[in-house]
Amino acid sequence: MHTQDRRKAILKELEQNAYVRVGTLSSMFGCTEMTIRRDLNEMAEEGLLKRNHGGAVKIGKNFVTDNVKDLLYSNLHNKIYIARQAYKVISAQDTIFLDDATTCLYLAKEIKKNEKKPVNIITNSVLLALELMQAEHVSIKIIGGDAAGNLSATVGQEAVEQIARCRADKAFIGVNGIDFTEGITGIGYPQMEIKQAMIKSAKETYVLADSSKFGHIYLSHICNIDQVTAVLTDGNLAAAFQEDARAHGFPVIWQTGAKKNEE
């Protein structure tokens, strides 16, 4: 079983029982207790559960929908690497937009860990705001609007208008497709509007996208390539896309140490 599938299953066990034991999970998934302990430790660091002796317990009411969990653990290691790269371009006292992409949630976790760098955040993600609410070095502005329950985020005209009244140093957005001719694209129209508003109101825009997003074109056109400061991706980016980036003079930053998902 892949790491991401096992961890989604662990979350489902917690939802049903509120407590899980290392030995039980080891037997259930046919893996070593060391593997389960590593899973639980890393999930605890991500704020998804609380570790205790012999296992883990559920943190409060778990309202993360199944489709968000699927996205959260898709290409898990690459998203964490991308988030760490993104954190490096943030300066102390920056005001930044973070959209509802799951990689932005991992960026929020990086921000939360590093208390010496104060940051001002504007976001439409309810999950992200909850993640950072107790972080004293972070100032949070939550964008209102229509609630998209399956995303745990806000969208709609009211949200777009609020973003338009804000100004930020940097915007960090997730996307579904990157093509050097057709530009940056996405699947959902409501999310497209949010991303476009953030791009327009920020001095710099960074796209957070794992290497699987390259070469794909989707219905909703978010922006042209020249509207993006850089794309931050993982170390699995195909050589052909690296060459395309160089040919177009476009900054694509990849980290050669990024891992592929474990099995």
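Residues are numbered from 1 along each chain as its sequence is written, and side-chain values use heavy atoms, with hydrogens and water left out. Because the model is predicted, local features need pLDDT of at least 70 and side-chain atom pairs count only at pLDDT 80 or more, whereas totals for chains, interfaces and linings use all residues. The average pLDDT (the predictor's confidence in each residue, from 0 to 100) is 87, and 88% of the residues score at least 70. Over residues 61–67 the pLDDT is below 50, and this stretch has 12 contacts (heavy atoms within 4.5 Å) beyond near neighbours in sequence. Residues 256–263 also stay under 50; for them the model has 24 contacts beyond four places in sequence. Where pLDDT is low, the predicted coordinates should not be read in detail.

Secondary structure follows DSSP runs, with helices (H or I) of at least four residues and strands (E) of at least two, numbered from the N terminus. In helix α2, residues 22–29, the buried residues (under 20% relative accessible area; exposed is over 50% and partly exposed in between, with a 1.4 Å probe and protein chains only) are Val22, Leu25, Ser26 and Phe29. Viewed down the axis of α2, these residues fall within an arc of 105° (taken from the directions from the helix axis to the C-beta atoms), so they line one face of the helix. An α-helix has 3.6 residues a turn, so residues three or four places apart point the same way. The cover over the buried residues of α2 includes α1 (3–17), β1 (19–21), α3 (33–45), β2 (50–52) and β3 (55–57).

Four aromatic pairs are found in the whole structure. Rings of Phe, Tyr and Trp (its six-membered ring) pair if their centres lie within 6.5 Å; planes under 30 degrees apart count as stacked, over 60 as edge-to-face and the rest as tilted. Phe172 and Tyr206 are stacked, at 5.4 Å centre to centre with 20° between the planes. Phe172 belongs to strand β9 (168–174) and Tyr206 to strand β12 (202–208), so this pair ties together parts that are 34 residues apart in sequence. Phe172 is buried at 0% relative accessibility, as is Tyr206 at 8%. The rings of Phe180 and Phe214 have centres 6.3 Å apart and planes at 45°, so this pair is tilted. Phe180 lies in the loop between β10 (177–179) and β11 (183–186), and Phe214 in the loop between β12 and β13 (220–223). Phe180 is buried with a relative accessible area of 10%, and Phe214 with 3%.

Phe180, Phe214, Phe241 and Phe250 form one aromatic cluster. Phe241, in helix α10 (239–247), is partly exposed at 23% relative accessibility. Not counting residues up to four places away in sequence, Phe241 touches Phe180, Phe214 and Gly215.
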